[in-house]
Structures are given as C-alpha cells and as structure tokens.
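User: Hi, I'm new to this one. Can you put it up and walk me through it?
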Amino acid sequence: MREEINSIMPYWEITLDNKKEILGRYNQEYFSEQKIGEIVKKLYEQQIKQGHDLSITLSKTN
C-alpha cells in the first residue's frame, strides 16, 4: 500500500551512501526544500559526522 501512495504523491527521498539505504521520505506538499534541509541537519547529523554521504532526491512525478 505504501508503494501505491508513493507513486501518487510526490516526495523527497533522503538516502544514505549512494542509495544503499533509504532514511526517509517526506511529502513535497507539506515539506519545502528549506524544511527538508532543516530535517537533514537535525535528524541525520550523526550519519554526516560519521562520514556518510546523504543525498536528497525528488520522486518522479507523472
């Protein structure tokens, strides 16, 4: 069911180390680009300090 919702609604996807692990998906309707930056800074700070690469991508919209 989650995949069905993700295919309908555009979202931001935060992945760790070249898409090996998805850390989070956030609805674009509710989270602006600035807010996503704040979320990454606060929630994923430890991964960044450990030297991991985080990437933020947009879902494919129809």
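Analyst: Let's begin inside. Ile36 is in contact with Trp12, Ile14, Tyr26, Phe31 and Ile56, leaving aside its neighbours within four places in sequence. Contact here means heavy atoms within 4.5 Å. One caution: this is a predicted model, so local features need pLDDT of at least 70, side-chain atom pairs count only at pLDDT 80 or more, and totals for chains, interfaces and linings use all residues. Residues are numbered from 1 along each chain as its sequence is written, and side-chain values use heavy atoms, with hydrogens and water left out.

User: Where does Ile36 lie? And is Ile36 buried or exposed?
Analyst: Ile36 lies in helix H2. Helices (H or I, at least four residues) and strands (E, at least two) are DSSP runs, numbered from the N terminus. Ile36 is buried, with a relative accessible area of 1%. Buried means under 20% relative accessible area, exposed means over 50%, and partly exposed is in between (1.4 Å probe, protein chains only).

User: Which residues make up the largest nonpolar core?
Analyst: There are 7: Trp12, Ile14, Tyr26, Ile36, Ile39, Val40 and Tyr44. S1 and H2 are the elements that give two or more residues to this core. H2 gives the largest share, 3 residues. A nonpolar core is a set of buried Ala, Val, Leu, Ile, Met, Phe, Trp, Tyr and Cys residues joined through side-chain atoms within 4.5 Å.

User: What does Tyr26 touch?
Analyst: Skip the neighbours within four places in sequence, and Tyr26 is in contact with Tyr11, Trp12, Ile14, Phe31, Ile36, Ile39, Leu43 and Tyr44. Tyr26 counts as buried, at 15% relative accessibility.

User: How many aromatic pairs does the structure hold?
Analyst: It holds 1. Tyr26 and Phe31 form that pair, edge-to-face, with 5.4 Å centre to centre and 80° between the planes. Rings of Phe, Tyr and Trp (its six-membered ring) pair if their centres lie within 6.5 Å; planes under 30 degrees apart count as stacked, over 60 as edge-to-face and the rest as tilted. Phe31 counts as partly exposed, at 25% relative accessibility.

User: OK, new topic. In what order do the strands of the sheet come?
Analyst: The order is S2-S1-S3, in an open sheet of 3 strands with antiparallel pairing. S2 and S3 are the edge strands, and each pairs on one side only. From one strand to the next, the twist averages 20°. Two strands pair if DSSP finds at least two bridges between them.

User: How many bridges join S1 to S2? And how many join S1 to S3?
Analyst: S1 is joined to S2 (residues 21-27) by 6 bridges. 5 bridges join S1 to S3 (residues 54-58). Leu16 stands opposite Glu21 in S2. On the S3 side, Thr15 stands opposite Ser55, and Glu13 stands opposite Thr57.

User: How covered is S1?
Analyst: Mostly covered: 6 of the 6 residues in S1 (residues 11-16) are buried. Both faces are covered, with Tyr11, Glu13 and Thr15 buried on one side and Trp12, Ile14 and Leu16 buried on the other.

User: Where does H2 sit against those strands?
Analyst: H2 (residues 33-43) lies across S1, S2 and S3, running at about 30° to S1. Axes are lines fitted to C-alpha atoms, for helices over the stretch in contact, and angles run from 0 to 180 degrees between N-to-C directions. Ile36 and Glu13 are 9.7 Å apart in space, C-alpha to C-alpha, and 23 residues apart in sequence.

User: Which side chain does Arg25 make a polar contact with?
Analyst: The side chain of Glu13, at 2.8 Å. A polar contact is a pair of N or O atoms within 3.5 Å; within protein, one must be able to donate a hydrogen and the other to accept it, and residues adjacent in sequence count only if both atoms are side-chain atoms. Arg25 is in strand S2 and counts as partly exposed, at 31% relative accessibility.

User: What about the turn between S1 and S2?
Analyst: S1 and S2 form a hairpin with 4 residues between them. Asp17 is in that loop. Asp17 has a positive phi of about 50°, although it is not a glycine.

User: Last one. What does Ser59 touch?
Analyst: Ser59 touches Met9, Pro10, Tyr11 and Gln28, not counting residues up to four places away in sequence. Ser59 lies in the segment after S3 and is buried, with a relative accessible area of 12%.
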